[in-house]
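Please look over the sequence and the structure below.

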Amino acid sequence: GYVDDKTPRPELDALKLRFATLCFSTERFDEAFAAADELVQNRPDFADAPQAATVALRALQASNAKLRADAADDATLDAAAAKLAEYAAYVVERWSAATDAASVAVVQEAALVRTDAAVASGDLDGARALLEQIPENSPRRAFPSVFFSSNIVLLPFSYKTHIASPNEKNR
């Protein structure tokens with residue numbers, strides 16, 4: 001029941017994106033993901049689909065962080081991490097050829113999510129290769145690849161996902 005005969009489809013889609021954003025801001029991450037992903041998957045002509053993909057990515061990231069904070073079991077954490085990595089790969093594939101600002105931004109954000117996953121799994125070469133795909137002048141890149149070494153990786157976008165407080169389960 002979200003559709004009626006009087007409201008134009010673009011207006012309904014914009015409302016659904018607002019709903020997804022509201023769910024995210026109230027920490028209802030699963031609902032935020034579901035609403036945003038529905039727009040991404042089922043509304044290919046929706047002009048704000050890249051913004052919906054951004055909401056979906058961030059909802060999955062926040063959901064994963066909540067699972068870690070709640071000390072979820074390893075199987076649940078692994079499944080959530082795999083879902084996030086798959087979604088990020090889908091976003092990169094779908095919008096990598098686009099040149100508008102929103103598409104470029106979501107692709108770069110998804111690339112950082114993929115880089116983060118590579119670091120978490122210990123794949124530093126993979127992380128470096130993914131990071132190299134982000135233009136050096138992008139504010140999302142943060143540090144040039146010179147900060148990679150055989151022993152240390154400094155990725156400012158990943159510190160929150162890889163450093164747990166004493167009350168969080170270390171992964």
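## A buried aspartate

Aspartate 13 is buried, at 2% relative accessibility. The model is predicted. Which residues pair with aspartate 13 in salt bridges? One is arginine 9, at 3.1 Å from N to O. Another is arginine 43, whose closest N and O atoms lie 2.8 Å from those of aspartate 13.

The pair of arginine 43 and aspartate 13 links distant parts of the chain. Arginine 43 sits in the loop between helix H2 (29-42) and helix H3 (49-69), while aspartate 13 belongs to helix H1; the two are 30 residues apart. Arginine 43 counts as buried because its relative accessibility is 19%, and the cut-off for buried is under 20%.

The pair of arginine 9 and aspartate 13 is local. Both residues lie in helix H1 (residues 9-25). They are four residues apart, about one turn of the helix. Arginine 9 is partly exposed, with a relative accessible area of 31%.

## Salt bridges elsewhere

How many salt bridges does the structure hold? There are eight. One of them joins arginine 128 to aspartate 125, with the closest N and O atoms 3.2 Å apart. These two residues are three apart in helix H6 (residues 124-132), so about one helical turn separates them.

Is aspartate 125 buried or exposed? Aspartate 125 is exposed, with a relative accessible area of 56%. Arginine 128 is partly exposed, at 30%. Shared partners also matter for the picture: salt bridges join Arg9, Asp13, Arg43 and Asp45 into one network.

## The nonpolar core

The largest nonpolar core has 28 residues. Which of its residues touch the most other members? They are Leu57, Tyr87, Val91 and Trp95. At least two core residues come from each of H1, H2, H3, helix H4 (74-95) and helix H5 (101-120). H3 supplies the largest share, eight residues.

Setting aside neighbours within four places in sequence, tryptophan 95 is in contact with Val40, Ala49, Pro50, Ala53, Ser103, Val106 and Val107.

## Helix H3 and the residue after its end

Why does the length of H3 agree with its residue count? H3 has 21 residues, and at 1.5 Å a residue it should span 30 Å. Its end C-alpha atoms are 30 Å apart, so the two values agree. Just after H3, alanine 71 takes a positive phi of about 60°.

## The chain as a whole

The chain has seven helices and zero strands. From the N terminus on, its elements run α-α-α-α-α-α-α. Of the 171 residues, 36% count as buried.

Among contacts with a separation of 6 or more, 56% are between residues 24 or more positions apart. The chain exposes about 9,900 Å². Carbon and sulfur atoms supply 54% of that area.

Notes
Residues are numbered from 1 along each chain as its sequence is written. This is a predicted model: local features need pLDDT of at least 70, side-chain atom pairs count only at pLDDT 80 or more; totals for chains, interfaces and linings use all residues. Side-chain values use heavy atoms; hydrogens and water are left out. A salt bridge is a side-chain nitrogen of Lys or Arg within 4 Å of a carboxyl oxygen of Asp or Glu. Buried means under 20% relative accessible area, exposed over 50%, partly exposed in between (1.4 Å probe, protein chains only). A nonpolar core is a set of buried Ala, Val, Leu, Ile, Met, Phe, Trp, Tyr and Cys residues joined through side-chain atoms within 4.5 Å. Contact means heavy atoms within 4.5 Å. Accessible areas come from the Shrake-Rupley method with a 1.4 Å probe; for residues, only the protein chains shown count as cover. The expected span of a helix is 1.5 Å times one less than its number of residues.
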